[in-house]
Amino acid sequence: MHHHNHYYGQTHILARYAGLDFDHPPRLRGYLQHGWNIGCGWNPVHEFYDGAWRFTWSDAPRRRGHALGRRNYHSIGAPFLYLQELEQQAEPVEREGTLWFLFHGWEGGKIHGDHQRLIDEIRETEPGPVTFSLYYTEYDRPEVRGYYEDAGFRVVSFGQRGFSYERTDRRFLFKQLDELRRHKRVAANRLSTAIFYGVAAGCEPAVYGDPMEMEGENPLFGGQSRIERLWPEMLGKSIDLGAAQATTDLELGKPWMMPPAELRMLFDWRERV
Amino acid sequence: MSDLQVVLGEMQPWTDSTDHRPALAALLADALPSERRTLIVGPHSRPLISAVLDRAADTTVLVRSVSDAEELAAEFGDRLQVVAGALDGLQAEPFQVVVAADGLDRVLGYDSGDLSWTERLQTLTALAAPDAVVVLALQNEFSLLNLLDSRPADQRHGDDEWRPLHDDPTRPVSVDQFASALPWTAQLYADFGSRAFVAAEVAAAARPGELPTRLAVDALDAADVPVLSPIADGVDSAARAGLLSAIPTGWIAICGMHAEHDLYAQTGPSVLTADKTPTGWQTSITGGTSPADGLLFDPPVVPAKVPDGTSVESALIRLAAAEDVPAFRKLAARLGEWAADSPVVLRWDDVVIDGESFAHGVSPWVTEEPTDSADLLAAAWYRFHDRLIGQHRRHPWPPWMVGDDLVSTWMSMSGIELPEPVQATSPDTPPASAGHVARGKELAAALAGVLETREHAAADVRTALADAERARQELFELRGHVFGLERTLGFRNKAMKTRENRIRELRTQLQKVTADHNRIRGSRTYALSRVVFHAAQIRKPRVVARKVARRVRKR
């Protein structure tokens, strides 16, 4: 339906889970949430076509969207969780170090902050080697990437989420999952999708450091302070794993996952002749 | 044929219609003492009169219609003393039993005085001995059916309202008012459409989804009254407020005796009785096995004990409204396991949540032939589907799933497999559960038929409006869908154009490279370079020189 549905190859993953073509997933009849947020699942100014159905990861965005006057929600669980089911590990690898995610900008907004101070804090905090994940918008900026390479971190990027069905790295989440499974800890300077993915993949989480600012950030949903009020258990350098896992299950919508056949029905992925 | 006595106030020509009310007959059979001098006041059905006659010693019936009186006299002969006339026209010694189970609205003629309900009660009281057993009915002007009646006041009542009866200010309109108005101590029953009678205190304690509430909904749903909105919603709201006893179609007062059971309900051709116990209901049901519309009425399958608790349907509706699909799925899975050996045609509105498990309610309907449990499960889900969607209840499933797909989905939640994956571009194959769904649909339709509920009647006004709104919404959403499709096509088209432009660019680059290549190959420099290249490859220059010289000589 909307090209955002293809971001990070999410529709591709769901299509594969549903037993359909991974490379050319069928059109999804509605909007698929493509990242965790503290609002209704989409950015505050996202436009929806009339009567659109919205497929959220979990129930909380549905409730918030309902309050915004929106209807036609169905929560399905994050595609990342489905990917975990599809890509089960034959044997777990020994985990080491921290996969650190810098709060990333996007094609329309760059981040600004004190990278050196963040590096110092990471060095003070992380006990093992650090792999630093940058979204390509930062990865392609030598002045940003250089900070972390010069600090001795291994710097990785999982590719592009794509735009208008172009340049979508369909294996974006595959690569992210693979890296997460190799690390003991996952950390970020903001509570974000990657932290929840990390916890889901078995990492110990940490959220600390300069949260940095992004151009054009819309504080409509309450911003960082609301995150601190709602999910204090997810913030800090040492977090209770059990509490984090419980919150992660809720935020990624684990209980809302459904069998492949049901997913095909829900997405209208069945041709009627 | 007995002698027909005619007293003041008789009507001719006139007739009062009566309906057989088996549940009321069972209630009277329990309540009336035997071998007493009895007066039946007002029109009553033949089976009801027979039930009274079976117990009474000497029975008189008073009806206002002469023709009705003649028919009764002809039918019952000497067993029944028939009087034609109005209540205030009858002069007789007080009776030991007075039965006015039709109430006091059809006991006066057009020549009678304008007696209020209270005055009619006083007249009736005068005909009862001081220690008489009196059975008196009263229509409830505050009944839910009245409140939801879509007809205006001037169209609700028929030819017998030559004087308005229902706006009589002396007429009781609540349990308390009725009890206070009676000169006797009474046991009151809430009368739901003459199909279910529930002891007033039991009705007041009933909550949504519990047995009395469920039976009240079924009974009122069978009433032939055009309504503004679904009856079930109102009944459930009243039950939540503890007001189920306040909204029946009427009440029956049993004065001077006590009926045996807390609840009497018509079910199929029989009557179910039930008594409240600390943990639920002790039930019994009369009648034998009999076929009806493809199903079998089989009283022995009704459990003697039905646990207290709400229905599965109530729980499912709440979960669907909360859009809590995970909890809905869990409940459906548990139902699938539990229903594997169901003896009856399943209906979630008659399955009770019993702790961690479930229990059958009081439905006695089974299939004539042994039926696959998956078919019974499908029947339950289909009935639930019709009630959830038909009543416009809130739920989280998109419109394209509504129908067989949604039933199949719920069945898969209950453990019945869904179809194998099929490419969206390939023709669809029938779901593995399609056969079960189709059979379930048939069973659900057969069940609705024998239950005689409103599901077969015209939609209420609210539902009709909601249906129209749903159609408008569907159109609105389909337009949005078309817009979305066009936009997707636009995105894809854009992507195609991007690729097309890239191909054009590559072609242009190829042409340029080819032209450059050809130009280079045609130049003297290239030719010289080739000669030099070949000359460089000569390993034996003398041999080559001799061959070249030989060719030159030949020319």
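Two strands pair if DSSP finds at least two bridges between them. Helices (H or I, at least four residues) and strands (E, at least two) are themselves DSSP runs, numbered from the N terminus. This is a predicted model, in which local features need pLDDT of at least 70 and side-chain atom pairs count only at pLDDT 80 or more, while totals for chains, interfaces and linings use all residues. Residues are numbered from 1 along each chain as its sequence is written, and chains are lettered from A and ligands numbered from 1 in the order in which they are written.

**The sheet in chain A**

- Five strands of chain A make an open sheet with parallel pairing, in the order β7-β6-β4-β8-β9.
- From one strand to the next, the twist averages 25°.
- Strand β6 (residues 130-133) of chain A is joined to β7(A) by three bridges in the parallel sense.
- A:Thr131 has A:Arg154 in β7(A) as its bridge partner.

**Helix packing in chain A**

- Helices α8 (residues 193-200) and α10 (residues 241-252) of chain A pack at about 115°, with their axes 9 Å apart; axes are lines fitted to C-alpha atoms, for helices over the stretch in contact, and angles run from 0 to 180 degrees between N-to-C directions.
- The contact (C-beta atoms, placed from the backbone, within 7 Å) involves A:Phe196, A:Val199 and A:Ala200 of α8(A), and A:Ala244, A:Gln245, A:Thr248, A:Glu251 and A:Leu252 of α10(A).

**Helix packing in chain B**

- Helices α8 (residues 211-221) and α9 (residues 231-240) of chain B pack at an angle of about 150°, and their axes are 9 Å apart.
- On the α8(B) side the contact is made by B:Thr213, B:Ala216, B:Val217, B:Leu220 and B:Asp221, and on the α9(B) side by B:Ile231, B:Ala232, B:Val235, B:Asp236 and B:Ala239.

**A 61-residue helix in chain B**

- Helix α15 (residues 461-521) of chain B has 61 residues and reaches 88 Å from its first C-alpha to its last.
- That reach is close to the 90 Å expected at 1.5 Å a residue, where the expected span is 1.5 Å times one less than the number of residues.
- α15(B) is hardly covered, with three buried residues among its 61; a residue is buried if 20 or more other C-beta atoms, placed from the backbone, lie within 10 Å of its own.
- The buried residues in α15(B) are B:Glu477, B:His481 and B:Gly484.

Conventions. Contact = placed C-beta atoms within 7 Å. Buried ≥ 20, exposed ≤ 12 C-beta atoms within 10 Å, placed from the backbone.
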